[in-house]
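Keep the sequence and the 3D view open as you read.

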Amino acid sequence: MKITDIVINKINRLKSGYVFTYSDFDIPVAKSEALKKTLSRLVKSGKIVRLSKGQFYKPKIREFGNLRPHEYQVVKDLLEEDNRVTGYLTGVSAFNRLGLTTQVSNTIQIGTNISKTARKRGKYTIRFILQKNAITKDNITLLQILDSIRFIKRIPDSDVSKACSQIMSIVSKLNESDRVTMSRLALKYNPGTRALVGAIIDQVSSSDITIALFKSLNPVSWFTFNISDEVLGNKVKWRIV
């Protein structure tokens with residue numbers, strides 16, 4: 001079978017938005033140049049889109065243009081290494097996933113345990129946010145919630161009171177074990193985040209699981225978020241204004 005036929009058959013089986021590279025094709029090394037030329041022709045024809053050097057995706061064609069791939073597809077190679085989780089989507093991607101905004105962004109943020117320099121990937125800018133907690137498949141959602149609280153003032157198309165109310169609703173649906181874990185993970189965040197996490201968990205939890213968070217705060221510090229009393233009734237306890 002010709003290289004062109006192999007490539008087209010493979011692409012036809014891929015889902016729209018799936019990001020692939022040269023390594024996704026079972027092509028002998030000796031035929032790699034033919035593979036590159038075939039993919040370049042398919043880019044020119046519009047059957048596939050070049051995301052960045054060596055990365056492509058099959059577009060989903062809509063009336064008003066091609067639908068871009070999901071952020072996960074764009075950076076999936078940066079989230080795992082040797083089947084081990086090394087990062088997770090945060091920032092606007094996480095805000096969107098949690099229902100806190102409908103906005104999208106050309107900047108993709110990744111939470112990671114290692115400081116990394118920002119990079120470009122096609123039209124996307126990829127930035128890395130240092131996460132002090134160990135990252136596991138089981139705690140990614142909790143870390144995304146905590147990051148949303150940490151960056152609550154930056155959530156697009158929202159105000160802090162509205163975002164706080166939405167996050168409180170999300171936390172209320174967690175089981176008690178997850179809220180305990182969330183409280184523990186919050187200890188490695190900055191003081192303002194710890195205070196707001198404690199206040200939110202206190203509001204929705206029937207048991208006192210935020211003692212360590214409360215004790216971790218400087219007793220003379222106050223934290224400004226401009227959240228209404230109607231949304232957060234225990235602001236004074238947590239010294240939030």
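**Exercise 1.** Which side chain meets Lys235 in a salt bridge?

*Solution.* Before we start, keep in mind that this is a predicted model.
- Step 1: Recall the general idea that side chains of opposite charge can pair when their charged atoms come close.
- Step 2: Look at the side chain that Lys235 meets: it belongs to Asp229, and the N to O distance is 2.9 Å.
- Step 3: Check this against the cut-off, which asks for a nitrogen of Lys or Arg within 4 Å of a carboxyl oxygen of Asp or Glu. The pair Lys235 and Asp229 is a salt bridge.
- Step 4: Lys235 has a relative accessible area of 13% and is buried, while Asp229, at 54%, counts as exposed.

**Exercise 2.** Describe the salt bridge between Asp202 and Lys237, and say where each partner lies.

*Solution.* 
- Step 1: The closest N and O atoms of Asp202 and Lys237 are 2.7 Å apart.
- Step 2: Asp202 belongs to helix α8 (residues 191-204), whereas Lys237 is in the segment after α9, so the bridge joins parts 35 residues apart in sequence.
- Step 3: Lys237 has 40% relative accessibility and counts as partly exposed.

**Exercise 3.** Is the aromatic pair of Phe20 and Phe56 stacked or edge-to-face?

*Solution.* 
- Step 1: A search of the whole structure finds four aromatic pairs.
- Step 2: For Phe20 and Phe56, the ring centres are 5.8 Å apart, with 25° between the planes.
- Step 3: Planes under 30 degrees apart count as stacked, so the pair of Phe20 and Phe56 is stacked.
- Step 4: Phe20 lies in strand β1 (residues 19-21) and Phe56 in strand β3 (residues 55-57), so the pair links distant parts of the chain, 36 residues apart.
- Step 5: Phe20 is buried at 1% relative accessibility, and Phe56 is buried at 1% too.
- Step 6: Phe20 and Phe56 also form one aromatic cluster with Tyr22 and Phe25.

**Exercise 4.** Which residues form a nonpolar patch on the surface?

*Solution.* 
- Step 1: The patch is made of Trp222, Val236 and Val241.
- Step 2: Together they have about 320 Å² of accessible area.
- Step 3: Trp222 is found in the segment after α9 (211-215).

**Exercise 5.** Is the chain more spread out than a compact globule, or less?

*Solution.* 
- Step 1: Start with its elements: the chain has nine helices and 11 strands.
- Step 2: The radius of gyration is 22 Å, well over the 18 Å that the globule rule gives for 241 residues, so the chain is more spread out than a compact globule.
- Step 3: The C-alpha trace spans about 70 × 40 × 30 Å along its principal axes.
- Step 4: Buried residues make up 46% of the 241 residues.

Notes:
Residues numbered from 1 in each chain as written. Predicted model: local features only at pLDDT ≥ 70, side-chain atom pairs only at ≥ 80, totals over all residues. Heavy atoms only, no water. Patch = residues over 30% accessible without salt bridge, like charges linked within 9 Å, V, L, I, M, F, W, Y side chains within 5 Å. Areas by Shrake-Rupley, 256 points an atom, 1.4 Å probe, with all protein chains shown as cover. Helix = DSSP H or I, 4+ residues; strand = E, 2+ residues; numbered from the N terminus. Buried < 20%, exposed > 50% of the residue type's maximum accessible area, 1.4 Å probe, protein only. Rg over C-alpha atoms; globule rule 2.2 N^0.38 Å. Phe/Tyr/Trp six-rings, centres within 6.5 Å; stacked < 30°, edge-to-face > 60°.
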